[in-house]
Amino acid sequence: METICIPVPLAAITIFRKKILSWYKLHKRVLPWRDTGNPYHVLISEYMLQQTQVARVMPFFLRWIEKYPDLTSLAKSKQGDVLALWNGLGYNSRAIRLRESAIKIVNGHNAIIPSDYNTLKKLPGIGDYMASSIPAFAYNKTLPVIDINIRRVLIAEFQLPPDIPNESLKPLALSCIPKNKSAMWHNALMDYGAAMAMTVKKSIPPLTKQSRFTGSFRQVRGKIIKLLIEKGKMSLNGLQASINDARLEKALEALLDEKLVFRKGTTYRL
DNA sequence: CTCCAGGCTG
DNA sequence: CAGCCCGGAG
């Protein structure tokens with residue numbers, strides 16, 4: 001794995017740490033999944049926070065831990081109930097994958113959320129970011145966590161090219177982590193990054209671009225899920241009457257393929 | 001229009 | 001690699 005070597009003087013890192021930590025002392029966000037010492041809370045929040053702002057996640061998270069207070073209760077849940085509770089957050093596949101992960105962790109890991117990158121990476125819906133963030137936030141493990149916030153903070157602080165790959169950022173990110181303070185440090189970086197001026201954010205765009213939502217295929221999918229939650233189950237005719245869109249049947253087919261929706265005789269349900 | 005504690009599939 | 005997955009706020 002080839003990575004660009006970034007020469008950064010130790011003194012610069014010391015200054016950087018002080019800047020971030022003193023800022024954090026004044027502007028720390030109080031979030032319900034922080035400092036609870038509960039890895040399950042971290043797991044739930046990280047799934048919910050994928051491409052979704054903190055403010056939007058908050059009420060969903062609180063509702064979630066009320067209904068599914070621990071991993072075991074989630075592992076015993078019905079998929080339809082999980083989708084209904086998730087509805088409104090977006091990217092419904094995350095809910096399916098979260099539930100699948102809960103089942104796998106209960107059955108294969110004694111209901112203990114794994115603390116190492118490689119084990120986590122194998123779970124559905126957990127990629128490079130989450131395989132790092134869970135060890136860091138839930139177990140205070142020292143490893144680089146790079147989301148869009150931290151990425152921008154590092155690029156801005158050390159004057160790096162805006163399109164630098166995350167892999168090239170990792171050695172620097174690792175060397176910045178204060179000893180035994182991984183969880184706090186990454187929380188601080190994220191709060192700092194989230195608070196950065198929009199002009200700075202726009203000057204360091206994400207590595208990938210989102211496709212439009214309005215008029216998109218997935219907008220139709222979202223409507224189908226919402227209707228099935230409301231009505232319990234619906235026929236194709238019923239769906240067509242409620243959703244006047246030429247792409248309805250194809251959207252339904254895709255949802256069936258992904259097992260977000262099931263066909264029961266002549267009706268569809270979650 | 002763009003943003004967001006990303007990840008999966010082809 | 002590109003394209004796709006949801007949805008509300010700025």
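Colleague: Is Gln50 buried, partly exposed or exposed?

Modeller: Buried means under 20% relative accessible area, exposed over 50%, and partly exposed in between (1.4 Å probe, protein chains only). Gln50 is partly exposed, because its relative accessible area is 24%. This is a predicted model, in which local features need pLDDT of at least 70 and side-chain atom pairs count only at pLDDT 80 or more, while totals for chains, interfaces and linings use all residues. Residues are numbered from 1 along each chain as its sequence is written, chains are lettered from A and ligands numbered from 1 in the order in which they are written, and side-chain values use heavy atoms, with hydrogens and water left out.

Colleague: Where is the place of Gln50?

Modeller: Helices (H or I, at least four residues) and strands (E, at least two) are DSSP runs, numbered from the N terminus. Gln50 sits in the loop between helix 2 (39-49) and helix 3 (54-67). Chain A has 15 helices and three strands.

Colleague: Which residues does Gln50 touch, not counting residues up to four places away in sequence?

Modeller: Contact means heavy atoms within 4.5 Å. On that basis Gln50 touches Tyr91, Arg94, Gly125 and Met130. The C-alpha atoms of Gln50 and Tyr129 are separated by 9.5 Å, and these residues are 79 residues apart along the chain.

Colleague: What share of contacts in chain A between residues at least 6 apart in sequence join residues at least 24 apart?

Modeller: That share is 64%. Buried residues make up 44% of the 270 residues in chain A.

Colleague: Where is the place of Arg269?

Modeller: Arg269 lies in strand 3 (residues 267-269). Arg269 is partly exposed, with a relative accessible area of 31%.
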